[in-house]
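Subject: Structure for you to look at

Hello,

Here is the structure I said I would send. My notes follow below it.

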Amino acid sequence: MMWRFLLLYSLCIVFQPTNGYVEDYYCGENNCYDLLEITRDATKQEVKRAFRAVASKTHPDKFQDPEEKKIAEERFRILSTAYDILRDDEAREDYDYMLDHPEQFYQNVYRAWRRRMAPHVDVRIVLAATISLISLVQYYNGWMKYQEAIKYFAVVPKYRLQAVELAKQEGLLITDKKKLKGMSKEQIKEREEKIIRQVIERKMDIRGVYAKPTYKDILWIQLVFLPYWIVKYISWYLRWVWKFWILKEEYGEEEKMYIIRKFMGLSHGQFENLEENIKADYLKRELWNKDKYNEWKADRDAEMKVKMAQSGRYKSYRRYMKANGPGRMYFDDS
């Protein structure tokens with residue numbers, strides 16, 4: 001413990017300055033206000049006028065003697081430092097705090113160091129650049145996912161055959177060998193692949209994560225439209241309360257679909273991806289009614305349990321859990 005105390009004490013001695021001023025960051029042993037011959041309640045305009053008046057008397061260009069010119073340059077540098085500090089609101093606030101609390105030396109050093117070393121960039125510019133970068137990455141990522149989906153559908157036989165048939169019907173694929181004369185096999189194959197991808201892009205309805213990105217998916221656009229969407233949601237909610245809670249009107253098809261989606265815990269995109277006959281079946285079963293939905297869900301869960309009980313893989317899993325219990329994992333390559 002003693003050597004740690006001595007080390008800490010030595011560091012304090014080494015880095016402790018010889019006086020009580022933050023010389024490296026302000027006006028040294030001089031008072032910035034006294035240098036410009038103003039008081040602490042001077043305005044920015046008064047600071048500017050005072051600097052011009054004082055600096056004009058000791059400007060280095062007025063001296064020809066090398067020694068006097070050197071002294072004038074140093075004097076002008078100190079005056080410029082005082083002017084830079086007092087014309088900046090944040091720097092002046094830190095300097096006034098140091099004058100009022102000279103005993104807090106290390107805190108004053110930190111405040112002055114933070115002001116000088118921190119990047120002097122407008123926060124709005126940083127925020128705008130960050131949002132722009134996120135928007136670019138967001139759109140690029142969405143586009144790459146969409147291209148990945150197109151590439152996947154182009155190699156899956158089911159979708160590839162449909163795309164080929166559509167391309168033939170539209171006359172996009174050339175089957176006449178005479179028209180393909182002069183083209184290599186690689187060129188023919190490349191042309192065919194390009195046409196198939198184009199057909200898939202036009203005909204395939206890709207939704208969800210792999211959907212084709214639009215301008216609405218960009219963060220900048222979302223932030224711009226956010227106030228509009230908030231107002232739209234509030235008006236929609238008030239309309240819902242007025243029509244269905246107060247006036248007790250019957251739900252329309254759109255409202256019924258919304259209630260069913262909420263009961264199922266599905267997002268708008270997930271619910272839209274369902275087949276139309278499935279959604280029609282939900283309406284037919286009147287699943288917007290809470291009691292009927294609970295009854296339907298209980299029947300569905302019971303059917304799922306029966307299917308799982310009859311599944312050979314699930315039976316094997318239950319036997320394994322019964323014999324080994326949860327949490328036991330091992331690998332046997334014998």
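Helices here are DSSP runs of H or I with at least four residues, numbered from the N terminus. Please keep in mind that this is a predicted model.

Aspartate 96 is part of helix H5. The cut-off for buried is under 20% relative accessible area, so aspartate 96, at 17% relative accessibility, counts as buried. Leaving aside residues up to four places away in sequence, aspartate 96 touches Tyr33 and Arg40.

Helix H5 (89-100) also belongs to what covers the buried residues of H4, as do helix H2 (32-36) and helix H3 (44-57). Those buried residues of H4 are Ala72, Ile78, Leu79, Ser80, Ala82, Tyr83, Ile85 and Leu86. Helix H4 itself takes in residues 66-87; at 1.5 Å a residue, its 22 residues should span 32 Å, and the end C-alpha atoms are 31 Å apart, which agrees. At the start of H4, aspartate 65 places a side-chain oxygen within 3.1 Å of the backbone nitrogen of glutamate 67.

The other item is a pair of helices. Two packed helices are described by the angle between their axes and the distance between the axes. For helix H10 (residues 219-246) and helix H11 (residues 253-264), the angle is about 105° and the axes are 13 Å apart. H10 is therefore roughly perpendicular to H11. H10 contributes Trp236, Arg239, Trp240 and Phe244 to the contact, and H11 contributes Glu255, Tyr258 and Ile259. Of the residues in this contact of H10 with H11, five are nonpolar, two are charged and none is polar.

Regards

Note on methods: Residues numbered from 1 in each chain as written. Predicted model: local features only at pLDDT ≥ 70, side-chain atom pairs only at ≥ 80, totals over all residues. Heavy atoms only, no water. Helix = DSSP H or I, 4+ residues; strand = E, 2+ residues; numbered from the N terminus. Expected span 1.5 Å × (residues − 1). Buried < 20%, exposed > 50% of the residue type's maximum accessible area, 1.4 Å probe, protein only. Contact = heavy atoms within 4.5 Å. Polar contact = N/O pair within 3.5 Å; in protein donor to acceptor, adjacent residues only side chain to side chain. Axes fitted to C-alpha atoms, helices over the stretch in contact; angles between N-to-C directions. Parallel < 35°, antiparallel > 145°, perpendicular 65-115°, else oblique. Nonpolar A, V, L, I, M, F, W, Y, C, P; charged D, E, K, R; others polar.
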